[in-house]
Amino acid sequence: MEKSNDLQVMNNSEFNLDANKEKKKEKVIVTIRNVFVYIFLTLVAIFSFFPFYWMIMTSLKSEADFRQAVPGFFPRAEFGGFQWSNYANVLAGRNSVFGQILFNTVFVGIFSTVMSLIITILTAYALARMNFSGKNILFALMLGTMMIPGEMFTVTNYITASRLGWANTYVALIVPFLVSIYYIYLLRNAFMQIPETLYKAAKVDGITDMGYLVKVMVPLTAPTLISITLLKFIGTWNSYIWPRLINKQRAWRLLSNWVSGGFTQAGSSEPSNTLKMAAACITSIPLFLLFIFFRKYIMHGVSKSGIKG
Amino acid sequence: MEDKQVRDESLAVEENLDNQEMDNQELDDQKLDDQLDSLIEEAVLETESQKPRQKMRLESFKRGAYHEQGWLFVLPAVLLMCVFTFYPIINTFVSAFKVGYKPLDSAYELKWGFENFVRVLRGDTGTGGANFARCFWNTLAFTFISVPVSTLLALLISVALNSIKVLQKAYQTIFFLPYLTNALAMGAVFATLFNVVGTGNTVETVGLINVLLGRTADNYINWINLGSDIWANRFVVIIYEIWSGLPFKILILFSALQNVNKQYYDAAKVDGASKSTILWKITVPLISPMLSYLLITGIMGGMKVYTAVVGLFGESMGQEYEVGTMVGYLYNYIEKGETGYAAAGSLILFGIIMIITLINLYVSKKRVHY
Amino acid sequence: MKNFLKTIRTLSLVLVLGVVLFAMTACDGFGVDNSKKIIFYHTMGDSLQQVLETAKAKFEAKFPGWVIEHTQVGGYDDVKSAVVADLQGQTQPSLAYCYADHVAQYLTTKKVVDMSKYINSTEQITYTSYEYEMDGEDYKLDEEGNKIVASTVEAQEVVGYTAAEIEDFVKGYYNEGFATNYADYEKYGYSATSILTLPFVKSTELVYYNKTALVDCGIVDAAGKAKAPVTWDELWEDAAIIKAKYPDSTPVGYDSEANWFITMCEQNGWGYTSATEPHYLFKGEKQAQWLDTLAGYYDKGYLTTQSAYGSYTSNLFTKGVETGVTFSIGSSGGANHQKPADGTFEWGVARLPGSLQSDGTIAYKAISQGPSLCMFFEDVENAEEKALMTWEFVKILLEPDFLAAFSIASGYNPPRQSTFDIEAYQDHLNGTSITAAAARAAATMVDDFFTSPAFVGSSTARTQVGNVLVYAMTGQKTAEKALADAYVNCGGK
């Protein structure tokens, strides 16, 4: 970017005797600006990183260290120092179910993400590009549902799901959350950024709506779609209240339930916060890797060409 | 059936795009428009080559009036919503008008009316706990400070992130970390930052923020402890909200920036526009649909803030709900089994959010460039 | 992009596989007969669930064909939310951990089982008895490792408890279950003799004190040993002595403000709440006077509480006398946290102080906390039969042997006095750990436990009186104002 910037400067400055001087001045400005950009980003980075750091450090503390009035920035020697055994305890304590619960979470995560993505794309496309009677009312209704707190849905949905016989099944964890208006709305806006002229051109060429959607719209909004994929997957991965309610059998639960399932230190019956944090760190690792994996697609979407008309 | 169709087609696109990518490498930035054209061209070619198969498949779409195909696209979503969204909402509506409705109470005598609303608004529900007016003002304060601030901050971060090369990936990863941080850790961190610990005699710690501000045991700011000012409490909640809202907003805006055509920037530079002019006159309008999305959904989400306050101030949301929020208010009544009041409260909240959103949409319509 | 689409393709494959797997597992889940399955919601962590398994095994061997399915739903509030949702969907469990204010909500559905019917039953029930009991296994191994299957016989026993068995329950704990403890019980078909819950494991409040510091300050008995205060007056006298010697110390630390207020009301008969209208009795002159005294002590630096301090007061205790607290009043369940680092000072555990009455007697009363057991009629055809079998499981949970094992593992106090005769529990009590000392202290208090009445809003009252104490103590509000505000906040008129 900076390189092209310099080129621009060269191309556009009149080639008089001051050309070099101008260039130097420009360089200084760019450097200063960069310094500020990096300082700004670093400050925000510290702000963002600190709690994550705290989570990792807490997972390595002893319970006594955790309960201290003045918290330490790292596990302190006088309270036993680094407790790597926390991780071993967490995995050993529930070894018998960890594998099952991990499988549940991965399965439910992938399944609901993909299905939800398909529904989101179809709905967002129809709302963004197609004209059908009642479209505006439907969209308004959808937005309206975002205004009622989800807490009011829980009990009714719980009753519905149990009447359908979904208690202790994967269906119960997947189906009620397939429609996310937040993502439909997001994608609809992304679709609307693509100029309508393109659609008309495609129509003239005899491409069907489905064809246009899959071959043009989806590739062009790939960064947004990948963001939605990531967010939906993380959302499922971290869902907690619903699985706890509907799937009470341990074998049907998700990792977040496993995390808060009451790990206890040897010789104590009280839930241990540090063990819980170690479990939380373990469940964060796959999400972290997933983000690293998806990051390049978000940063370099299918095309850098904006096509806004 | 539809799933299969989409999958088939996506496989077809994949091949299509494989070619595309090869082309891509040879393409110059200046030739991006051609790229798009070829994209459509190939799509057309493919459609033609597969015409018999596709025709059959899409016959069903064409049967109705052309426009009404849209309903087929939204059908899965609408069906699911009928069961899992609209039905519970109707339930909520109905219970809001059942005076003093308690679902568990087998001796409850059904009586219709607006009394639940009146009692909620007057703060006279007879069972104590959270106060609606106080929860309302808290929620407004949280939302209308944290949402604009975090959206603006996210915009600046995304633009800054987009303009650098060195360490870009590292920064982007770090900015996403709050999304992966456990809520319990969050509460612990904020206690570390703001909690003052001490007896009447000695102060053991004034919290990291006070230390950074150069405050000591003699003149520390009481953020969250006993006897703290409501605005100090609100400030802490707002910081929490900004922090937890940033990753999502950065992700969305950064993705949106990837879709903006570089040619606009180049053109602007040719015209000698300054960086800030480019940002406000070109970048912001170009990604305005996403900004409007973030503001509207941010305010909707902000009006529903709850977990942040519970994480910081406990289930009682302060000593006695003084930092309570509107959803906290609903929870308070759900917990007591007083669903009638909770439903009435949620409809009032619905009304408030709707008014704000309508204003928001009206403004967006004028400002957002689709 | 190529890679991405490849990934999508792989994912699709995984999905198809998943669907197949899913179909297989789902088939497993359908058509399960729940008519002989007893579902138990609790909050037990890993270590306690291991103990619970022994009770489950015992029950399942005793009544072949019946199954216990127990679930750690989450914390106590999570159990309550789950039961409330279940009651609305008519999928309630057979048995659940409960607190009185939860049951106040449950009983309005009329689905809560009146256990007095079973407790007083003289009917016989047939069960399978084994030649020998081996942790629920129906075989033992001989010297060569061969299985010898136990021969079983049909045996009979009485469903209910004998008078002696009822007497065996700690009175304060047992009384909590009476319907009279709940508002409007008659409206929902219960009578004054109905029993809605039975106590499971309990905790109370104790004084953890710094023996070394007391000896230093000359607070000793005739034998020269540290002497823990018996009454509140003694506690404050000691506090004055300690404060004089160690000006930077805070002699008294109390973890739960609400418990303190409620306990003082109970010890002195001032009144806190009632099951019947007007429910809120705490707005009295006596309470205000006491709060004013506390404020005086707070000003002198004699005491602190968890909210005032900003962290657990046990942290102050373990710091030692110079800058910390000497008397730390907290739950018997949290004894582990009160233990100072080895070699810093000698600690002791004593019962909660009592209030000296005008007639010279000392009124001890101590709050009891911890889960009870609540049974539900299920919306199934064999509801009566299931309830009876659930009761049989409750009986196994309340057997002294099991309670001993559970109390040792949990650090909580057993609700039946005969538990103290179990050898394993005696060994535990005679231990040198702080948990053992706490259990010993709690065992001396069995005649003095109380619980507060439960009604909709009783948990609000609890929070509010805790706030009252904090506001009045720190001088943010006068005692009268704090009490009046709390009364209004509770919804009192």
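Visitor: What conventions apply to the numbering and the confidence limits?
Guide: Residues are numbered from 1 along each chain as its sequence is written, and chains are lettered from A and ligands numbered from 1 in the order in which they are written. The model is predicted, with local features needing pLDDT of at least 70 and side-chain atom pairs counting only at pLDDT 80 or more, while totals for chains, interfaces and linings use all residues.

Visitor: Which domains does the assignment give for chain C?
Guide: Domain bounds come from an automatic or database domain assignment. For chain C it gives domain 1 (37–122 + 162–199 + 371–411) and domain 2 (205–368 + 447–489). Their centres, taken over C-alpha atoms, are separated by 32 Å. The contact between them takes 15 residues from domain 1 and 16 residues from domain 2. On the side of domain 1, helix 4 of chain C gives the most, with five residues.

Visitor: Which residues have the most contacts inside the largest nonpolar core?
Guide: A nonpolar core is a set of buried Ala, Val, Leu, Ile, Met, Phe, Trp, Tyr and Cys residues joined through C-beta atoms within 7 Å. Buried means that 20 or more other C-beta atoms, placed from the backbone, lie within 10 Å of the residue's own. The largest core has 238 residues, and those with the most contacts inside it are Tyr125(A), Leu253(B), Val103(C) and Tyr182(C). Its largest share, 15 residues, comes from helix 10 (residues 230–258) of chain B. Leaving aside neighbours within four places in sequence, Val103(C) touches residues including Tyr182(C), Leu196(C) and Ala454(C).

Visitor: At what angle do helix 9 and helix 12 of chain A pack?
Guide: Axes are lines fitted to C-alpha atoms over the stretch in contact, and angles run from 0 to 180 degrees between N-to-C directions. Helix 9 (residues 181–192) and helix 12 (residues 222–238) of chain A pack at about 170 degrees, with axes 10 Å apart. The two helices are therefore roughly antiparallel, a label for angles over 145 degrees. Tyr183(A), Leu186(A), Leu187(A) and Ala190(A) of helix 9 meet Thr224(A), Ile228(A) and Lys232(A) of helix 12.

Notes:
Contact = placed C-beta atoms within 7 Å. Helix = DSSP H or I, 4+ residues; strand = E, 2+ residues; numbered from the N terminus. Buried ≥ 20, exposed ≤ 12 C-beta atoms within 10 Å, placed from the backbone. Parallel < 35°, antiparallel > 145°, perpendicular 65-115°, else oblique.
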